[in-house]
Amino acid sequence: MKPDNFPKEIQPFLVPSPCGDLCYRCLGCKGEFPITKLLYVCPDCGEVLLIEDRDIQRLNKISGTTWQQIFDYRRMLKIPALKGIYRYHEFIGPNIPLESIVYLGEGHTPIVEANQRLQDLAGIRFFYKNDGQNPSASFKDRGMASALSYIKYLIDQQLVSDIIAVCASTGDTSAAAALYASYLQPHIKSAVLLPHNKVTPQQLSQPLGSGASVFEIPGVFDDCMKIVEKLSEEYNVALLNSKNAWRILGQESFSYEVAQDFEYEMHDKVIVVPIGNAGNISALMSGFIKFFNAGIITDLPKIIGVQSEHADPVFQYYLEPDRSKRQFKPVTVKSSVAQAAMIGNPVSMPRVIALADRYNTLAGEQRVFVTQVTEQAIMDWQLEANRNGHIACTQGGESLAGLVEALKQGIVTKTETAIVDATAHAMKFSGFQDLYFSEKIPEAFNIHSNQRFINRPKLVMPKDKKNIPGQGTPLGREDFNRFAEDVSKTIAQELNLTTNL
Ligand SMILES: *Cc1c(COP(=O)(O)O)cnc(C)c1O
Ligand SMILES: [Zn+2]
């Protein structure tokens, strides 16, 4: 629909123009810094930053119900800049003009209700939000659309040029960074650092295909992260890890989409998300807080972060019930099939602590929880989900396992409805499925293949092994009929088919 055809009272708000008063806010010393240049940590105390809108009060001049209508009507617009995460422009990057926005099809991923069978198995009504249906097949595209739109804005204003964008990655960050950077050729080049042998072949193929410089480093993600931090401190590069607060801003779109998809009815909702570097759960909390403060939602949903017992520093932190005694300690990670979340020292931990406090205070009760799951549960729930029509990755399995665990512990009840984040596409992590099905998962994972799930291809050969078609050597008609007869009989027997002759 064209802007002129919308209701008169919505028209002035339909297409946003730049507004707001953004700054970086330090979570340590509370200092504020202008956004005219790229900052990743506080120049004064070194702590991580969040982006704050000093003029956020202006959003309250519009009522919550009017905001709901604005977003619902924007859904019908055909303006590329507003088709993705910037449908929520006023909340996601109000300073960025529409001309600078990079849109590659991210956001508005499907929310699919689990079938009755899977809901019965899990013990609760739930939906998967398929963030694997983003352009590079993970939710990281949300944050990259934001970070790269901001960089494009700086380029358009001639504040920067010839950017080298760098990131460390468990696989998906680099795929997304390389994709968005390649779209902005020739202004931006990207370089990605990956832990050697700790990303899947599919994930490795992505930045290579996008033309990024790919460096493999011995060690785990946390080691790559340290090298990238050193690069960003000592050289003129743009850091694209979620240390970059623009990434968090873009990932808030997940919350806004969930709110909009459920008609802004959040009182009985539970959002379940895996935690790695903790950028995503930070963004989720921040997003819901902003919608709550603007009166767009009247309740804050429960948020459940999930960690594997092989990489659980956030879970360990919250085990201590007394807030004043809590102390963050990085952990040494062990092998995890939820490889994208296999992080022992999450960069966004200070954000989690600050935002969870704010969230629980605003809600008037504890609404943020962290659960821990076994590697076995991650794998088995992923396979169970995908046998019931989903495309969940191992981290999506982790989310579902975390929901089941939360139910067991009474953190959620059957009367609630969960939205479970499948953070990437199953195909990126199909190697773990292969290992499971061939019963070859290395011991370090502590996973045993459940016979119920194992599925392998069966090669069907005819009795006459000389009478088979080959490439370039087709069988004659008679021979082929013989071959087809023999092979179809074997298949019919396998499937217990009854004849209709
Ligand atoms: C990055 C990633 C995570 C972890 O998200 P954080 O923001 O680092 O906590 C989980 N799942 C997938 C598929 C990812 O790519
Ligand atoms: Zn500071």
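Two strands are taken to pair if DSSP finds at least two bridges between them. The views below show a predicted model.

**View 1. Four strands of the predicted model form an open sheet with parallel pairing.** The order of the strands is S8-S7-S6-S9. Between strand S6 (residues 163-168) and strand S7 (residues 188-195), the parallel pairing extends over six bridges. Within this pairing, Val166 has Ala191 of S7 as its bridge partner. Helix H5 (residues 140-156) packs on the sheet, where it touches S6, S7 and S9. The direction of H5 makes about 150 degrees with that of S7. Helix H7 (residues 201-209) also packs on the sheet, in contact with S7 and S8, and its direction makes about 145 degrees with that of S8.

**View 2. Strand S6 is largely enclosed by the rest of the structure.** This description applies because five of the six residues of S6 are buried. S6 pairs with S7 in the parallel sense, and helix H5 touches both of these strands.

**View 3. Gln339 is buried in a loop between two helices.** The loop runs between helix H12 (313-319) and helix H13 (349-363). The relative accessible area of Gln339 is 9%, and buried means under 20%, so the residue counts as buried. When residues up to four places away in sequence are not counted, Gln339 touches Thr170, Lys198, Val199, Thr200, Gln203, Gln395, Phe429 and Phe432.

**View 4. The largest cavity holds about 270 Å³ of space.** Its lining comprises 27 residues, and the closest to its centre are Phe139, Lys140, Gly276, Asn277 and Ala340. Helix H6 (172-183), helix H9 (245-251) and helix H11 (279-293) are the elements that give two or more residues to this lining. The most comes from H11, with three residues. By class, the lining of the largest cavity has 11 nonpolar, 13 polar and three charged residues. The structure holds four cavities of 30 Å³ or more.

**View 5. The second largest cavity holds about 70 Å³ of space.** The residues that line it are Leu22, Ile51, Glu52, Asp53, Ile56, Glu90, Phe91, Ile92, Gly93, Pro94, Leu249 and Lys290. At least two residues of this lining are supplied by each of strand S3 (49-53) and helix H3 (89-92). Seven of the lining residues are nonpolar, one is polar and four are charged.

**View 6. The largest pocket has a volume of about 510 Å³.** Among the 24 residues of its lining, Ile51, Glu52, Ile56, Lys290 and Arg358 lie nearest its centre. Strand S1 (22-26), S3, H9, H11 and H13 each contribute at least two residues to the lining of this pocket. The lining divides into 13 nonpolar, four polar and seven charged residues.

**View 7. The second largest pocket has a volume of about 410 Å³.** It is lined by 19 residues, of which Leu38, Tyr40, Ser232, Tyr235 and Val237 are the closest to its centre. The elements giving two or more residues to this lining are S6, helix H8 (221-234) and S9. H8 gives the most, with three residues. The lining of the second largest pocket comprises 11 nonpolar, three polar and five charged residues.

Notes. Residues numbered from 1 in each chain as written. Chains lettered and ligands numbered in written order. Predicted model: local features only at pLDDT ≥ 70, side-chain atom pairs only at ≥ 80, totals over all residues. Heavy atoms only, no water. 1 Å grid on protein atoms, 1.4 Å probe; cavity = no way out; pocket = protein on both sides within 12 Å on 5 of 7 lines; lining within 4 Å. Points joined across faces, edges and corners; volume = space filled by probe spheres on them. Nonpolar A, V, L, I, M, F, W, Y, C, P; charged D, E, K, R; others polar. Contact = heavy atoms within 4.5 Å. Axes fitted to C-alpha atoms, helices over the stretch in contact; angles between N-to-C directions. Buried < 20%, exposed > 50% of the residue type's maximum accessible area, 1.4 Å probe, protein only.
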